[in-house]
Amino acid sequence: MSKNDRSAYLLELVLFDIAYIISNCDYAYSSDERKYLKIILEKYDDEDKELLMLRTHFLDGVLSKGIDEVKKFIRSISRSLKNKIDDDLKDAYLELFREVIMLDKEIHENERLLYKILCDEWKKESGI
């Protein structure tokens, strides 16, 4: 795997983490959110699916510690990405995360809060 491929792969994993945390921070896992996770998992081979499932267990552990720990986690990830992705990519990912939030047709306060953290860290307008 080349350095660029590895960087893209690691970025994809981090973005998976953010999407997973956002989709579960309301502590109600809707059927649409389950479908979203299944669609994501389908594009990976068995070894990568296993890795993603291990990541979900780790992320569930973060979620179980409460919203303050979740906010710290998202803030840390968003800061680490701030200079690694350009504005167009930030906009695209924020739109993706917005779609994840809207999957269950409701915006939970935790989802709004985490999305705002991402927007603040990336110097973008929240819009939700």
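How many positive and how many negative side chains does the protein chain have, and how far apart do the centres of the two sets lie? In this predicted model, the protein chain has 22 positive and 28 negative side chains, and the centres of the two sets lie 5 Å apart.

View 1. Read from the N terminus on, the elements of the protein chain follow the order α-α-α-α-α-α. The C-alpha trace spans about 40 × 30 × 25 Å along its principal axes, and the radius of gyration of the protein chain, 14 Å, agrees with the value near 14 Å that a compact globule of 128 residues would have. Among contacts between residues at least 6 apart in sequence, 75% join residues at least 24 apart. Of the 128 residues, 41% count as buried, while the accessible surface of the protein chain comes to about 7,700 Å², of which carbon and sulfur atoms account for 51%.

**View 2. The largest nonpolar core, a set of 35 residues.** Ile-18, Ile-21, Ile-74 and Phe-97 are the residues with the most contacts inside this core. Two or more residues are given to the core by each of helix 1 (3-24), helix 2 (31-42), helix 3 (46-64), helix 4 (67-81), helix 5 (87-102) and helix 6 (109-121), and helix 1, with ten residues, gives the most. In soluble globular proteins, nonpolar side chains tend to be buried together.

**View 3. The surroundings of Ile-18, one of the residues with the most contacts inside the largest nonpolar core.** When residues up to four places away in sequence are not counted, Ile-18 touches Ile-74, Ile-77, Leu-81, Phe-97 and Leu-118.

**View 4. Leu-81, a buried residue found in helix 4.** With a relative accessible area of 4%, Leu-81 falls under the 20% cut-off and therefore counts as buried. Residues up to four places away in sequence again being left aside, Leu-81 touches Leu-11, Val-14, Leu-15, Ile-18 and Trp-122.

**View 5. Lys-123, in the segment after helix 6, with a positive phi.** The phi of Lys-123 is about 60°, although this residue is not a glycine. Most residues other than glycine have a negative phi. Lys-123 has a relative accessible area of 69%, over the 50% cut-off, and so counts as exposed.

**View 6. Gly-127, an exposed residue placed in the segment after helix 6.** The relative accessible area of Gly-127 is 66%, which is over 50%, so this glycine counts as exposed. Gly-127 and Asp-86 are 41 residues apart along the chain, and their C-alpha atoms are separated by 20 Å.

Notes. Residues are numbered from 1 along each chain as its sequence is written. This is a predicted model: local features need pLDDT of at least 70, side-chain atom pairs count only at pLDDT 80 or more; totals for chains, interfaces and linings use all residues. Side-chain values use heavy atoms; hydrogens and water are left out. A nonpolar core is a set of buried Ala, Val, Leu, Ile, Met, Phe, Trp, Tyr and Cys residues joined through side-chain atoms within 4.5 Å. Buried means under 20% relative accessible area, exposed over 50%, partly exposed in between (1.4 Å probe, protein chains only). Helices (H or I, at least four residues) and strands (E, at least two) are DSSP runs, numbered from the N terminus. Contact means heavy atoms within 4.5 Å. The radius of gyration is taken over C-alpha atoms; the globule rule is 2.2 Å times the number of residues to the power 0.38. Accessible areas come from the Shrake-Rupley method with a 1.4 Å probe; for residues, only the protein chains shown count as cover. Lys and Arg count as positive and Asp and Glu as negative; His and the chain ends are not counted. The place of a charge is taken as NZ of Lys, CZ of Arg, CG of Asp or CD of Glu.
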